[in-house]
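Have the coordinates open before reading on. We start with confidence, then take the chains, their contacts and the core in turn.

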Amino acid sequence: MVKRIVLIKDTAATGPDTTRDFYNRFLDGIREHKLLDEIMVVRAADLGYYGHGLVVKIMPNNIVYHNVQNTDIERIIKSTIEKNQILDDLILNEKPKQIKVALRNCGLIDPENINDYIAHDGYKALSNVLLEFTPEKVIDELKKSGLRGRGGAGYPTWMKWKACRASRSNPKYIICNADEGDPGAYMDRSILEGDPYSIIEGMMIAAYAVGASKGYFYIRAEYPLAVQRIDEALTKCREVGLLGENILDSKFSFDIDIRLGAGAFVCGEETALMASIEGKRGTPHPRPPYPTGSGLWGQPTVINNVETLANVPYILCYGGDNFAKIGTNSSKGTKVFAVTGKIKNSGLVEVPMGIPLKEIIYDICGGTISGKDVKAVQTGGPSGGVIPNKNLDVLVDYDNLQKMGSIMGSGGMIVMDTDDCMVDIAKFYLGFCVEESCGKCAPCRIGGFQILQILNRITEGKGKIEDLATLKRIAVSMQKASLCGLGQNAPNPVVSTLNYFEEEYKEHIINKRCRAGKCVALLTYTIIQEKCKKCALCFTNCPVKAISGNRETGYKIDQSLCTKCGKCKEVCKFKAVSKE
Amino acid sequence: MSKFNKDTIIAIHNQETAEQPDYISVGMSACGIAAGAQEVYDVFAKQIKSRNFTIKLRKCGCAGMCYAEPLVEVKANGMPVVTYGRVTEEIAQLILEKHVANSILVNDCVVNIR
Amino acid sequence: MTKVVQAQINGILIRVPEGTTILEAAKQVQIKIPVLCKHPDLPPEASCGICIVRIKGTNKMLRACCTPVENGMEIITHDPEIIEIRRTVIELILSNHPNDCLKCQRNNDCELQRLTADFGIHSESFPTFLRDIPKDYSTNAIDLDPVKCILCGRCVHVCQNQQNVWALSFLERGMQTRISPAGDIQLADSPCVRCGQCAAHCPTGAIVEKDDTGIVWNALQNKEKYCVVQMAPAVRASIGETFGQIGVNYTKKLYALLRRLGFKAVFDTSFGADITIMEEASEFEERLLKQTRPLPLITSCCPSWVDFMEKFHTDMIENFSSCKSPHEIIGVLSKTYYAEKFKIDPSKIFMVSIMPCTSKKYEIQRSSEMFASGFQDIDAVLCTRELGRMIKQAGIDFENLPEEQADSILGEYSGAGVIFGSTGGVMEAALRTAHYLITGRELEHVEFESVRGLERVKETEVEIDGMKIRVAIAHGLSSVEYVLEKIRQAKLNNTEIPYHLVEVMACPGGCVGGGGQPYMVTDELRVKRAKALYSDDKDKEIRFSHQNPYIKRLYEEYLGKPLGEKSERLLHTTYVPQPLYRK
């Protein structure tokens, strides 16, 4: 009968993987001690630790040893396994970095089974709220929790609810903004797909608090599975009377419909989103009036983001005070980030506000996939900015990220290593915003386009040094004179890369050089004659016949013909093609 | 189904938490499905049926470890709950044969244990 | 009572009613914040970003056009940074706008050009990128050049919300955004009713009236042609604005002007209006007393309204007055009655209408009935703005012209004829004559105050011989919905008709607010223009169409009687349902 499981994994970032070797040695030790029947040794694929050398995890005791050497095997077996003694010099005492609140049920429950949700305290909050709480008390609990909108702007949720409650006009609406569109961000999708009932419960609590009778999910059509899961959950809720008249035998009646977004990024902006639900062209409108006073069809409306709403049942179930214990002074609770880019473990992490960015990148996500240095981390999607390597100590919350020239945004986090060109990155985000500008307002529409033209010129080696001043000038006018957040924040990636990586821009402009080797137009492929063995492989493989010469004289690349495809470098067996 | 009230909710909660059945849970969010979770799920469904396993097969959402999809979580035979990552159809077979049938964990696949 | 809020603008304390925008409030402290997309007549679009101001305590800047003053706000309307940003935005707009002001119809009368001059922009900071979008000259009334469009959104707003036509909309997004009828079709194939409100509100040369001045100059030069002209009531009240004179009635100087431009005879559309009233009031009398056709009778002198009805409300066809619009009546009579009387070959007559309206350009070829004289009854239509340009081209010192009279027989109008140019005017004129036709007695009090004014829908009751006549007046096509719905409901439920007589004008304010009138119209301006017409009416000795001796003579000498055979043939028309989209 197996009593313990020992898991083994080499977590060192460099060097060959020694897991298998160590496993064999450990197994030998177990064998010697005649413990084969009691101890199961397993090679793990991942134990959630990075840069800790060889990690040994012993279950069910949940003992974790790190930086274990081959010489430690004997004493681990003797002391820990046979005598239950902990080896203090090896023990890794690390509290879990992640705290799952919004994602508490994701990956845990069956999203298609309402009973499974109820088993995990689902609808506990709602039944308390409907039967025992006044709407004011609900708002009060939200206030205590300090929950701020997770969609990007970070406006206190309770204030939105209170303002909407105070509006006299009826009916009122609750909208769940599930038009997640930042490149690389998919927190909301995961919650929609993995825990649909908690968002519905959140909306219901919001509706009860503000006095709304109707709700809308605004989900982008590119999320078919999310739409399907929400739709099934809504049907189920209606079936069991969790939506409809007199919910849970209370006086509260509420129903929810789904509206699909057709893929316009700007429709995530609340006024544009409402226009879209109304069947109009999705363009933003000036605020005030704020939606809480005059929103959907001119009626008071609360628009909350998916993640915000997923937090609501937790707060009402376990108390606002409990929620407020997590996080920092100004930013309470947790935040879900979608970490992507050049990262080892891309995926979703949910961390308490105020965690050092470094811990997310290295401790949770295992650093870069290439093993190279992190050059910068882009947060807040196309509306955000970059945080350079030297500032990775920043504690992640709304205010700190803003001070760094970026924003929290909806939670996209894109990790870049030294192979990434910052001008190219700025160009990518700007290109996204130019593509997605609704076209309504001049600074965003034309300003973004002009900036993109300048960035294109710079990456093609045609930049002028005055361009940097022009970039800044247009960026300021976009930030100050655009109507909605999309336009106001669109230049952020440019401003923040200029701020932290101005020398890289200047290299492109003055030296016509891209240190990351990303800007194709600035690359030069040359054949290093000393290394060249005149094998003609490059010559025969060049798709545009830019290489001339013969087996006797050797070969050279005609720069005017070269398209910088890199084929010659790829095929050369003697590393005789240089790329600069 | 009749209309829920507070008592129904409590009753369902109590009943569901009282049972602690063994299960295989496949991460079936978009990230999982994109990585092949549906095929893995089908292997489990087919094998459980044909080999008369009593273990329950269920779906779940994304656990956040998108880099290791498809993820399969197994609770069986009184052992800790084990999460396997990058599960292929072959590994799914192994999980059934080794872990479920014989309480032996599959090497090089475990990404989490609790 | 409205709450008053207190704030500071540039350090000066202001108190304004709650809801007042910063743009409005700034006027109190002698600040005119530069704007581009905001038209004083329309709600803010907030699309240009030029009217930004700084609010102390936030690092954002807000748009003055759409931000209401809040208690305690400290607003800065100008500082070097604000001005620099405004300049940058204007330069950005210019980088997406053709640089051909000299050849643009709006040259010297363009809001973008004015701002560019105000900000002293003399060079290009940013390279110009123009969109490649074809021009749309399909309507013969309104010319669309989307490349010049700065996407302020005014035209889309008036077309969709004020006029409820939905011909114009935004297509695409980002730099590809453009104004166009849905589905990227041409305007003539869209629901467009040619009202020209888009053109009247456009800040640039993106939408303009089709310029027919060249055709008219050519005709005036052509020895073969006998050029005659008529001018609509509303033109006399607005032409002064092209010279900075507001609310002045220039009837008699206009007669002199038109002669000096080379027209052989000058008629007045107000006379045509008198004829319209004779026909329409008779129609009304017949429907009311003999129940020949259903009530309410709905007026038809506005071609955009006719087009709108033929497209959107064809169930109302039988309620429409079959009477042609006044200028068409003058047109057909000039080539029949006038030609016969003065022995002029009607094929040589070139008839020009000076109108406040773009739709009239389309109306003159609307159907075969517009050729009732055997020729095209009207050869060309110029709107007020075009006439203004012709005056300048000819170099005529308009304000110092002597006063002259219109040509006799198609020129002498009654007070009832001239108020056609304002909303409620047709109704008032019709009621004056209908009262006589029904009772045989003249009204003692000729003025119907309750049908005047700018309320979008006016409903009132008039007593004629003990009969309560219910009337409704709507202007601005979005207002008509309410009136028609009431009529429909009564029809549906077989209840008493809500109205006996309905007047509709497509443009807000009626013709004084027409799509061909001088730019920057507001309600204030509409009232002033209308007032010039009402005082003309008041000053007239004859204030009833049926009392106009020339009208009597016309019927005696030529037409016979209202709704007689000849009248029907020359002065009436028919309506057929039109498809909303022709593609």
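Chain C averages a pLDDT of 94, and 100% of the residues score at least 70. Here pLDDT is the predictor's confidence in each residue, from 0 to 100. The model scores ipTM 0.94 and pTM 0.91. This is a predicted model, in which local features need pLDDT of at least 70, side-chain atom pairs count only at pLDDT 80 or more, and totals for chains, interfaces and linings use all residues. Residues are numbered from 1 along each chain as its sequence is written, while chains are lettered from A and ligands numbered from 1 in the order in which they are written.

Take chain A. Its C-alpha atoms fill a box of roughly 90 × 75 × 40 Å along the principal axes. The secondary structure comes to 21 helices and 17 strands. These elements are DSSP runs, numbered from the N terminus: helices are H or I with at least four residues, strands are E with at least two. Of the 580 residues of chain A, 56% count as buried. A residue is buried if 20 or more other C-beta atoms lie within 10 Å of its own, exposed if 12 or fewer, and partly exposed in between, with C-beta atoms placed from the backbone.

How is chain A divided into domains? The assignment gives domain 1 (4-83), domain 2 (114-323), domain 3 (334-417), domain 4 (422-511) and domain 5 (523-579). Such bounds come from an automatic or database domain assignment. The centres of domain 4 and domain 5 of chain A are separated by 36 Å, taken over C-alpha atoms. Now count contacts, meaning residue pairs whose C-beta atoms, placed from the backbone, lie within 7 Å. Among contacts in chain A with a separation of 6 or more, 70% are between residues 24 or more positions apart.

Chain B comes next. It has 114 residues, of which 45% count as buried. Four helices and five strands make up its elements. From the N terminus on, they run α-β-α-α-β-β-β-α-β. The C-alpha trace of chain B spans about 45 × 30 × 30 Å along its principal axes. Residues 24 or more positions apart account for 63% of the contacts in chain B with a separation of 6 or more.

Chain C has three assigned ranges: domain 1 (4-78), domain 2 (127-209) and domain 3 (214-571). Between the centres of domain 1 and domain 2 of chain C lie 29 Å, taken over C-alpha atoms. Eight residues of domain 1 of chain C are in contact with eight residues of domain 2 of chain C. On the domain 1 side, four of these residues are nonpolar, two polar and two charged. In this classing, Ala, Val, Leu, Ile, Met, Phe, Trp, Tyr, Cys and Pro count as nonpolar, Asp, Glu, Lys and Arg as charged, and the others, Gly among them, as polar.

Which chains touch most? Two pairs of chains touch, and chains A and B have the most contacts. There, 44 residues of chain A are in contact with 37 residues of chain B. Several elements of chain A each supply at least two residues to this side, among them strand E1 (4-10), helix H4 (124-132) and helix H9 (224-239). The chain A side divides into 24 nonpolar, 10 polar and 10 charged residues.

The contact of chains C and A takes 27 residues from chain C and 25 residues from chain A. On the chain C side, strand E4 (61-63) and helix H2 (80-94) give two or more residues. The largest share, five residues, comes from H2(C). By class, the chain C side has 17 nonpolar, seven polar and three charged residues. No contact joins chain B and chain C, whose closest C-alpha atoms lie 29 Å apart.

Now look at helix H6 (residues 157-166) of chain A. Its buried residues are Thr157(A), Trp158(A), Lys160(A), Trp161(A) and Cys164(A). Seen down the axis of H6(A), they fall within an arc of 160 degrees, so they line one face of the helix. The arc is that of the directions from the helix axis to the C-beta atoms. A nonpolar core is a set of buried Ala, Val, Leu, Ile, Met, Phe, Trp, Tyr and Cys residues joined through C-beta atoms within 7 Å. Of the 385 residues in the largest one, Ile205(A), Ala206(A) and Val110(B) touch the most other members. H8(A) gives the largest share of this core, 11 residues. Leaving out residues up to four places away in sequence, Ala206(A) touches Trp161(A), Ile174(A), Val302(A), Asn304(A), Leu309(A) and Val312(A). A second, separate core of 14 residues includes Tyr525(A), Cys538(A), Ile547(A) and Val577(A).
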